[in-house]
Amino acid sequence: MPRGQDSARGLVFYESEEGQAMSTQAVMSTYARTDLVFERGEGSWLISANDQRFLDFNSGIAVNALGHAHPHLVEALQDQAGKFWHCSNLYRIDGQEKLAQRLIDASFADTAFFCNSGAEALECAIKTARRYHQAGGRYEKYRIITADNAFHGRTLATIAAGGQAKHLDGFAPVVDAFDHVPFGNLNEARAAVTEETAAVLVEPVQGEGGLAVATDDYLKGLRAMADEFGLLLIYDEVQCGMGRTGNMFAYEKSGVAPDIMALAKALGGGFPVGACLATSEAAEHMVPGTHGSTFGGNPLAMAAANAVLDVMLAEGFMARVQTASKKLRSGLDDLVASNDSVFEGVRGRGLMLGLKCHVPNGDVVSALIHEHMLTVVAGDNVVRLLPPLTMSDEEIELALEKLDAAAKVLAV
Ligand SMILES: *Cc1c(COP(=O)(O)O)cnc(C)c1O
């Protein structure tokens, strides 16, 4: 793709096929984007406009769980595209009923609401928790206990839930409904409960925050606390759910089920779709008229998500994720040991792993781009490794070589 730079104005121009110059500032500058343009994907690889192949350990931030252009997903979407794309939620949607039942069968839940993103899934979770109490006559209950370094999305309510200054700056007034406590600290969580508390919300594995893993005991303690005080337990599995940790849902390992759970990222394998799952008790008051979404759960999204489940629910899929995780993790442990001026340690679970760095994490991501490997930063100076769950052993070995090469460049 021909490309020019107008350095006086700091703009980068791309030439479209028609030869028109397009300023990158035509797109609102809410991202500090890397100057890479991809044209297509094949499994674990993204291929740039000038035919460079990049090993994808970003996966669209844990979205492309089945890699790129997975034949079963392509076929399902093409098939649905020729039938009908959209249909109002004023009518029954076959794909929704099917997907809801499959998610229910695979989880703690009794019912599902479909939306288009993670933040919307959290909004539904927050509304469901408030309504559970308020429609039940407990009008004073609206506050939610959340964790420090959490990430729940970019709407006004979810930036307040995340509580991070960098996301709240300039968007006052903050939705005043969230009480933050240190992640993993049960005593502080219990101390934060008041008459106004409606729920507790936590990511079983923090994604953006830097790959902190909730221990089984922590989740058990939160469950006991919720039961003792009549609160709802909400999990945000937008990033850690859908096979990412080696189980369909991250909470499974702990055996501690929530009352409400938000899903999105990998649910559609790249097609935008989110879901809020709940027990029938928690969702008892979510009756006609209480919540909605124009696009949520439309036939295209449902075709994509059902195709993702076809693959993930197949015999052996999760076992392979666990095997791949062991291989990657032991390779990363060796990598850290032999590059201890660059890396401090490995974090996370399954194929949701992070390298805690001594050097700035952004430098590692940049060095890896030179090695033609894509990763993404997380909080606490961590580099996130989020490969497609379908990644082969050979690709994992290649990734470890690229990581080692990048580390050698950065070694001090
Ligand atoms: C990405 C993410 C969200 C927000 O999802 P969007 O689709 O960007 O709205 C919420 N929670 C967690 C844990 C996430 O990783």
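Which residues are around the ligand?

**View 1. The residues around the ligand in the predicted model.**

**View 2. Polar atoms of the protein and the ligand.** A polar backbone atom of Ala-119 lies 2.8 Å from an oxygen atom of the ligand. For Phe-151, a backbone N or O atom is 3.2 Å from a nitrogen atom of the ligand. The side chain of Gln-239 places an N or O atom 2.7 Å from an oxygen atom of the ligand. On its own the ligand has 380 Å² of accessible area, of which the protein covers 82%.

**View 3. The largest cavity.** Searching the whole structure gives 2 cavities of 30 Å³ or more. The largest cavity has a volume of about 40 Å³. Its lining consists of Pro-204, Val-205, Ala-214, Asp-216, Leu-219, Ala-250, Ser-254 and Arg-349. These lining residues fall into 5 nonpolar, 1 polar and 2 charged.

**View 4. The second largest cavity.** This cavity holds about 30 Å³ of space. Ile-145, Thr-146, Ala-147, Val-181, Ala-189, Val-200, Leu-201, Val-202, Tyr-218 and Leu-222 line the second largest cavity. At least two lining residues come from each of strand S8 (143-147), strand S10 (197-202) and helix H8 (216-229). The lining of the second largest cavity includes 9 nonpolar residues and 1 polar residue, with no charged residues.

How values were computed: Residues numbered from 1 in each chain as written. Predicted model: local features only at pLDDT ≥ 70, side-chain atom pairs only at ≥ 80, totals over all residues. Heavy atoms only, no water. 1 Å grid on protein atoms, 1.4 Å probe; cavity = no way out; pocket = protein on both sides within 12 Å on 5 of 7 lines; lining within 4 Å. Points joined across faces, edges and corners; volume = space filled by probe spheres on them. Nonpolar A, V, L, I, M, F, W, Y, C, P; charged D, E, K, R; others polar. Helix = DSSP H or I, 4+ residues; strand = E, 2+ residues; numbered from the N terminus. Near = heavy atom within 4 Å. Polar contact = N/O pair within 3.5 Å; in protein donor to acceptor, adjacent residues only side chain to side chain. Areas by Shrake-Rupley, 256 points an atom, 1.4 Å probe, with all protein chains shown as cover.
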